[in-house]
Number of protein chains: 6
Amino acid sequence: MKLDVLVVAAHPDDAEISVGGTMLLLARAGKKVGVVDLTRGELGTRGTADDRARETAAANRLLGLAVRHNLELADGRVEATLEARERLASIVREHEPDLLLAHHVDDLHPDHRTAGELARSAWYLAGLARLADPAATRPARRPNRLYHFMGHVPFEPTFVVDIGPVFEEKRALVRCYSTQLAPAGPEDRGQHLLFGADILARMETKARTYGERIGVRYGEPLLHRGPLPCLDPLLAPSSHGG
Amino acid sequence: MKLDVLVVAAHPDDAEISVGGTMLLLARAGKKVGVVDLTRGELGTRGTADDRARETAAANRLLGLAVRHNLELADGRVEATLEARERLASIVREHEPDLLLAHHVDDLHPDHRTAGELARSAWYLAGLARLADPAATRPARRPNRLYHFMGHVPFEPTFVVDIGPVFEEKRALVRCYSTQLAPAGPEDRGQHLLFGADILARMETKARTYGERIGVRYGEPLLHRGPLPCLDPLLAPSSHGG
Amino acid sequence: MKLDVLVVAAHPDDAEISVGGTMLLLARAGKKVGVVDLTRGELGTRGTADDRARETAAANRLLGLAVRHNLELADGRVEATLEARERLASIVREHEPDLLLAHHVDDLHPDHRTAGELARSAWYLAGLARLADPAATRPARRPNRLYHFMGHVPFEPTFVVDIGPVFEEKRALVRCYSTQLAPAGPEDRGQHLLFGADILARMETKARTYGERIGVRYGEPLLHRGPLPCLDPLLAPSSHGG
Amino acid sequence: MKLDVLVVAAHPDDAEISVGGTMLLLARAGKKVGVVDLTRGELGTRGTADDRARETAAANRLLGLAVRHNLELADGRVEATLEARERLASIVREHEPDLLLAHHVDDLHPDHRTAGELARSAWYLAGLARLADPAATRPARRPNRLYHFMGHVPFEPTFVVDIGPVFEEKRALVRCYSTQLAPAGPEDRGQHLLFGADILARMETKARTYGERIGVRYGEPLLHRGPLPCLDPLLAPSSHGG
Amino acid sequence: MKLDVLVVAAHPDDAEISVGGTMLLLARAGKKVGVVDLTRGELGTRGTADDRARETAAANRLLGLAVRHNLELADGRVEATLEARERLASIVREHEPDLLLAHHVDDLHPDHRTAGELARSAWYLAGLARLADPAATRPARRPNRLYHFMGHVPFEPTFVVDIGPVFEEKRALVRCYSTQLAPAGPEDRGQHLLFGADILARMETKARTYGERIGVRYGEPLLHRGPLPCLDPLLAPSSHGG
Amino acid sequence: MKLDVLVVAAHPDDAEISVGGTMLLLARAGKKVGVVDLTRGELGTRGTADDRARETAAANRLLGLAVRHNLELADGRVEATLEARERLASIVREHEPDLLLAHHVDDLHPDHRTAGELARSAWYLAGLARLADPAATRPARRPNRLYHFMGHVPFEPTFVVDIGPVFEEKRALVRCYSTQLAPAGPEDRGQHLLFGADILARMETKARTYGERIGVRYGEPLLHRGPLPCLDPLLAPSSHGG
């Protein structure tokens, strides 16, 4: 199936937390959006793999996703193998997305770093005709763009997507992952969470911070490496005052 | 009067918005804190110079400032003149602060950039015995540290001060500048504010963003150029989990 | 007169060489474009000020400019004075452009550096209501965007404008400045030109280099500091293959 | 055994050369310090593995180490495998250090780069409860801090530890590795040493260079990524003049 | 055989496109130059492995290469294995080059990134006497320099080699790879080429761009990490005017 | 008088401390070297202007300088005026140096920053024929190169000059400035010196640090912005082992 956008994320809920608003906006605009999760998130401190599958299914319904794949790589053990990047490249070819969204290549979680690297390589390889892909029936096709989304390590984004119109829906989306938002038991004091902060609170803070950078209430930051075509320098709405 | 800390800011309210929490914490700890405002803020779209003087006086009371100077440079027209930097250096000598806090040398407002540059030069010059300062009776003295605070242009901070214990007081402090928080009249739709955001909301977003970076609720970011002595690598409390 | 775009350049011909293609495209699209030259270029090794005025007039006709100002600052002696930046801010207010295009703040020619700094400050100040501008009758207004164009010092651009459709016109535009393209006399071996290269050849090389970065034949690079609103991540045409 | 600090180094002597002074200071202050060497250094041009084991034992006595592990990975062939990083994460859990010290992720020696990457990943993984660690009986625990030490590639440090009080002891510590300090035989002209410099001389030069940056005689540079909590901006002693 | 220069490239034609001019100049000066290609380029969209072998042979004749090795790693699947880097290190020892030229560690093609990383590690390891190389009879030897050449991701070069005197020969060299320059069949519209640009055109644009940076017509950019000895600051010819 | 090299320094002794070794080597090689000091150093805590003039004269004899100018700008008050940069440009024209050596544009001492900026602008302007220089009889001439030397703020140098052969002479050169090396009186505890370090000790540390970077004993670091022509990649002697 031809997609408009494909999101590559390490764990179920990474896509929602990082670019959930962008996915909701794209769906509203009638675009076909898909997600590839690299793992089932089975290493997560909170919730079983079954819990997480149910949560992901609920999130998919809110997102109206066209397709969601899971590569079932081992959580906490994602490696940048040739096989993984070629499976990813095959999925890219199969769905012919115009845009790929993926983790940044730098982050604190090693799976996120590896996912970013895998996506960067797969983006390139998807455009090579003779990619070693025995099952390939689809021709080579490289998405027009690869944008990286932000994890724990901040970067100066190229773009911020104004997610104000869908911010409450994004909140509902992240709430689908309820096991991730509450203690797993009396011993769980959230030690596994970096910076001790609540996921919903962190998500809102990030949305406010990057929203302010472009003069809107809530935003999601995206990074593009290298210059972009300037379609119309006058198209963009005002971000500074009147 | 010997101070512990001296803050150099371009306009009344800049010190409060940027490092109000740090100043409150220092005052609570019994430290002597002073401020040098470079201008009276008379160019501000909202409020007269008289309004702003009244507001500053109210803020001073909350801050328990030991001293507050105003260089009465022209607002919107601050220049890095020799005279300005030498006046600043004289004030530094007079008060012998251990720490200087000032704007960063990059910011969107030209007065902020210039204030950062002036403070950086004054910090250096204050330590030269023969500084061309006819009125000088105080010996040369360079503050131990110069930290820059953040304006509109983000940077990766060296430190974040945990201002959680005084955050509500900081909010009250910024509210002292009430003319800056409300429209000046029917024509004032906040166009002069970059990014169209409410000052209190922006202040809170920034506090949350940098607080999260060190695992606390609210923080103020500070930049030090060059390495710092590491007094005790074990002293610092956990910022990551348990 | 309300403009869509205002270009701030140090010397006549700087605007044409740097963003001539972008200006031609904007004019074709029915946009109103103006230029402010800071100097008359009287220091140029080749051609008199009269020559250059005639050349500029010819270029204006090709560009279909709505307006072209000259601040008549001294060539080779442009300084970032308060007066200069306020005159520039007044012109910005008068014409209410949505976009400001200006030199980058780093370049080899000191006038270019200063012009970039002046434009950056004027952009900000134009949005302050009480800017010290006695002749001001226009309300404060800050252009939505400030983009910097490239001189001798390369940077990684945010955008590249595809100037393929107007490249031959741009060549004609630069040829208007014929005194700059030929030796002034037997002693003139182009020593004043950095890197000894022909202006037209350099212009074409730069257009090819940045065009290739976005997959087109000829391009003009532009830099925006800070993130931009992402209007539609799918809007942009392919820059990488099919 | 609960440790205060754990050092992760590629080869025996790397810990001593890079952070020997810091380890000595911590031991003096009554802190428990441990080291994990990834290899036995068997690829070293000078000295056998037995020689190096004897040297390491002597160094341990000077350091008063609480524990020293060796992962016995192949020298010159350290790879960032899942197994290696999980073994390291298990050791981190077992010893619950508050601080992890490790190579920087960029260096000329590939083992150093890999050791830095392994430590960065292990630091993160140690905080995940369900880390795939069959032998784990210890709960998840992530050290408060990870600091990187410097190899051949300089970086701008966050901190410099004043090692003046223990500098002669550090010299003695490095001298424990006597096989590394003298030619192995008539053919050994030190070609394997980068930059042809004597290890003790290089160690002293680096200590002087970074000591001067904070106004002391000898220092060891450390890098922390991301901001740090500012416990007391006034705590730090003067690094600049009086 | 002792070489002066060894070039490490991922695919046949990478060496020619990137540093063909430098190799031609070295050969003209009587230097012995060798190439190690990591793969046979069998993944290339255009041309069979046999075609490419014939093309490489033709290029070798023009280059007057002393030796050309092929590691026969899988094209599109180059991995930074220990074995690959040790084979490379053995070849470096065998040929004792004074200079190593290799891909940069950042590029869009994953094979290029990996080739740069392999070369960087092999450069270092070649200088360790006990490198795990059973077949080694040659003593340890590290080339004086490692320079990186440029792929799709631009960097600020340390050096530009003036290839003006051999530019037409370089063009002929690239034309040897005729299968890479023309469509492979009716379906081949060049989609696999990044940025849709013709290889010869891109090569010329890059040569012009970097040539201009040093004031010559055509140049090849090279990067050295870290400082270089300054043999004679006056030796270099003028790059700026008279 | 035609010079080979011209050094632009803020205070007498800056040239000697920063590039004294390079100047000595150039003089030994029969090159003509000149210095322009911007100030008389009258603000220095130690020594009178007369003392410093005598010291400078002694240093000149050791250096065998062809010429030494002093612009007599106010010490501690150097400003980047048009007049100062044009005087500097005139001196550059008069002496036609092939190489200009000057402070870096970033440093802690404001005079050093300004001197770097003045030199950078003068370098450019010297190549413009119509530079506003009423006394000019010399034609425009821009030095081939501008290298920046290092003050208190470190940078990654492009080059390091091996000053081993003249290091003892350099020490003697710095000792000429004896007033700067000893306390001025009982109150002078060196507070005006940044980082409290002895000038001779700092000079030696820096020489060792940068010498090691290229595999020699003592070196002086130099920065060139932008790429350099690569005359012969094989010319440089080994900096890494045998």
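Reader: Which residue in strand 7 of chain A does V160(A) stand opposite?

Author: The model is a predicted one. In chain A, strand 6 (residues 159-162) and strand 7 (residues 219-223) run antiparallel and are joined by four bridges. Across this pairing, the residue that V160(A) stands opposite in strand 7 is P221(A).

Reader: Which are the edge strands of the open sheet that holds these two strands?

Author: Eight strands form the open sheet, in the order 3(A)-2(A)-1(A)-4(A)-5(A)-7(A)-6(A)-8(C), with mixed pairing. An edge strand here pairs on one side only. The two that do so are strand 3 (67-73) of chain A and strand 8 (228-229) of chain C.

Reader: Is strand 1 of chain B enclosed by the rest of the structure or open?

Author: Strand 1 of chain B covers residues 5-9. V5(B), V7(B) and A9(B) point one way, while L6(B) and V8(B) point the other way. In a regular strand, side chains alternate between the two faces of the sheet. Because five of the five residues are buried, the strand is largely enclosed.

Reader: In strand 4 of chain B, which residue is the bridge partner of V8(B)?

Author: Strand 1 of chain B pairs with strand 4 (residues 99-103) of chain B in the parallel sense, over four bridges. V8(B) belongs to the residues of strand 1 that are buried. Its bridge partner in strand 4 is A102(B).

Reader: What is the handedness of the β-α-β unit that strand 1, helix 1 and strand 2 of chain B make?

Author: Strand 1 of chain B and strand 2 (residues 33-39) of chain B run parallel and are joined by five bridges. One facing pair is V7(B) and V35(B), which stand opposite each other. Helix 1 (residues 14-28) of chain B makes a unit with the two strands, and that unit is right-handed.

Reader: Is V7(B) buried or exposed?

Author: V7(B) is found in strand 1 of chain B. Leaving out residues up to four places away in sequence, V7(B) touches A15(B), V19(B), M23(B), G34(B), V35(B), V36(B), L101(B) and F149(B). The relative accessibility of V7(B) is 0%, so this residue counts as buried.

Reader: What distance separates the C-alpha atoms of V7(B) and L173(B)?

Author: Along the chain, V7(B) and L173(B) are 166 residues apart.

Reader: Which elements does the salt bridge between R202(A) and E212(B) link?

Author: The side chains of R202(A) and E212(B) meet at 3.5 Å, N to O. The pair joins two chains, because R202(A) lies in helix 6 (residues 199-213) of chain A and E212(B) in helix 6 (residues 199-213) of chain B. Both residues are buried. The linked elements are therefore helix 6 of chain A and helix 6 of chain B.

Reader: How many residues apart are E16(C) and R68(C)?

Author: The side chains of E16(C) and R68(C) meet in a salt bridge at 2.6 Å, N to O. The pair links distant parts of the chain, with E16(C) in helix 1 (residues 14-28) of chain C and R68(C) in strand 3 (residues 67-73) of chain C. E16(C) is buried at a relative accessible area of 0%, and R68(C) counts as buried at 17% relative accessibility.

Reader: What is the relative accessibility of E220(F)?

Author: K170(F) forms a salt bridge with E220(F), with the closest N and O atoms 2.7 Å apart. K170(F) lies in helix 5 (residues 167-175) of chain F and E220(F) in strand 7 (residues 219-223) of chain F, 50 residues apart. K170(F) counts as buried at 3% relative accessibility. E220(F) also counts as buried, and its value is 2%.

Reader: Which residue does a polar contact of 3.1 Å join to R171(B)?

Author: R171(B) is found in helix 5 (residues 167-175) of chain B and, at 17% relative accessibility, counts as buried. Leaving out residues up to four places away in sequence, R171(B) touches L200(B), M203(B), E204(B) and Y218(B). The polar contact of 3.1 Å runs between side chains, and the partner of R171(B) is E168(B).

Reader: How many residues of helix 4 of chain E are buried?

Author: Helix 4 (residues 110-125) of chain E reaches 22 Å from its first C-alpha to its last, close to the 22 Å expected. The helix is largely enclosed by the rest of the structure, because the number of its 16 residues that are buried is 15.

Technical notes
Residues numbered from 1 in each chain as written. Chains lettered and ligands numbered in written order. Predicted model: local features only at pLDDT ≥ 70, side-chain atom pairs only at ≥ 80, totals over all residues. Heavy atoms only, no water. Buried < 20%, exposed > 50% of the residue type's maximum accessible area, 1.4 Å probe, protein only. Pairing = 2+ DSSP bridges. Right-handed = clockwise from strand over helix to strand, strands pointing away. Salt bridge = Lys/Arg side-chain N within 4 Å of Asp/Glu carboxyl O. Expected span 1.5 Å × (residues − 1). Polar contact = N/O pair within 3.5 Å; in protein donor to acceptor, adjacent residues only side chain to side chain. Contact = heavy atoms within 4.5 Å.
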